Amino acid sequence: MKVYRQGDSFIAPTGSFFDGNVKIPGNFIVAPDTHFWGRLDVGGTLELGPRSTVGGDITCENAIIGNQVRIKGSLNVIENVTVCDEARIRSLHAGGDITLRPGVQVGDVSSDETIFVYGKIKSGKLTGRNVKVVGNGP
């Protein structure tokens with residue numbers, strides 16, 4: 001599939017399929033319903049659209065993971081990550097803050113900073129400098 005470039009950002013069109021590993025040298029905006037069968041390596045911020053899937057691991061600088069996203073590998077973020085409602089991730093590590101929204105299902109979660117949990121989630125072990133559980137979300 002084709003990826004479009006706009007400045008230092010790259011954009012994947014809605015409904016795209018990527019067979020194999022993908023490496024993006026800048027920011028990556030992924031439209032809804034986009035599917036990656038391999039590993040995803042992003043040099044900047046990843047915005048992974050709703051209902052997208054990634055078959056392998058993800059590495060990036062910052063991330064926003066859309067609702068109902070499925071990540072079958074681990075998500076490794078250098079700085080901060082927000083995981084939106086009902087996303088599923090095998091495991092998650094971030095060097096900065098992690099925000100988990102209601103309905104998220106994730107394995108073990110580790111952060112060098114704070115883990116914010118909004119609403120009810122399903123997870124393995126939560127390890128961070130602080131873990132803050134907040135009602136139903138901001």
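**Figure 1. A salt bridge joins the side chains of Arg39 and Asp57.** In this predicted model, the N to O distance of the pair is 3.8 Å; a salt bridge here is a side-chain nitrogen of Lys or Arg within 4 Å of a carboxyl oxygen of Asp or Glu. The two partners come from distant parts of the chain, 18 residues apart: Arg39 sits in the loop between strand S6 (35-36) and strand S7 (40-42), while Asp57 sits in the loop between S9 and strand S10 (58-60). Strands (E, at least two residues) are DSSP runs, numbered from the N terminus. Arg39 is partly exposed, at 33% relative accessibility, and Asp57 is partly exposed too, with a relative accessible area of 25%. For these labels, buried means under 20% relative accessible area, exposed means over 50%, and partly exposed lies in between (1.4 Å probe, protein chains only).

**Figure 2. Asp57 also meets Arg90 in a salt bridge.** Here again the N to O distance is 3.8 Å. Because Asp57 lies in the loop between S9 and S10 and Arg90 in strand S14 (residues 88-94), this pair ties together parts that are 33 residues apart in sequence. Follow the shared partners and you will find Arg39, Asp57 and Arg90 joined into one network of salt bridges.

**Figure 3. Asp85 and Arg101 form a salt bridge between two loops.** Their side chains meet at 3.2 Å, N to O. Asp85 belongs to the loop between S13 and S14, and Arg101 to the loop between strand S15 (98-100) and strand S16 (105-106), a separation of 16 residues. Asp85 counts as partly exposed, at 26% relative accessibility. The structure holds 5 salt bridges, including this one.

**Figure 4. Thr59 is a buried residue of strand S10.** Its relative accessible area is 19%. Leaving aside neighbours within four places in sequence, Thr59 is in contact (heavy atoms within 4.5 Å) with Arg39, Leu40, Asp41, Val42 and Asn76.

**Figure 5. Val54 is buried in strand S9.** Strand S9 covers residues 53-54, and the relative accessible area of Val54 is 0%. Beyond its neighbours within four places in sequence, Val54 is in contact with Phe36, Gly38, Leu40, Leu48, Arg70, Ile71, Lys72 and Gly73.

**Figure 6. Strands S8, S11 and S13 pair in the parallel sense.** Two strands pair if DSSP finds at least two bridges between them. Strand S8 (residues 45-48) and strand S11 (residues 62-65) are paired over 4 bridges, and Thr45 has Asn62 as its bridge partner in S11. S11 in turn pairs with strand S13 (residues 81-83) over 3 bridges; look for Ile64, whose bridge partner in S13 is Thr82.

**Figure 7. Strand S18 runs parallel to S15 and to S21.** S15 is joined to S18 by 3 bridges. Thr99 stands opposite Phe116 of S18, and the bridge partner of Leu100 in S18 is Val117. Another 5 bridges join S18 to strand S21 (residues 130-134), where Val134 stands opposite Tyr118. Strand S18 (residues 114-118) is largely enclosed by the rest of the structure, because 4 of its 5 residues are buried.

**Figure 8. An open sheet of 9 strands brings these pairings together.** Its strand order is S1-S2-S5-S8-S11-S13-S15-S18-S21, and the pairing is mixed. Strand S1 (4-6) and S21 stand at the edges with a single partner strand each, so one side of each is left without a neighbour in the sheet. On average, neighbouring strands of this sheet are turned by 15° against each other, direction ignored; the axes are lines fitted to C-alpha atoms, and angles run from 0 to 180 degrees between N-to-C directions.

**Notes to all views.** Residues are numbered from 1 along each chain as its sequence is written, and side-chain values use heavy atoms, with hydrogens and water left out. As the model is predicted, local features need pLDDT of at least 70 and side-chain atom pairs count only at pLDDT 80 or more, whereas totals for chains, interfaces and linings use all residues.
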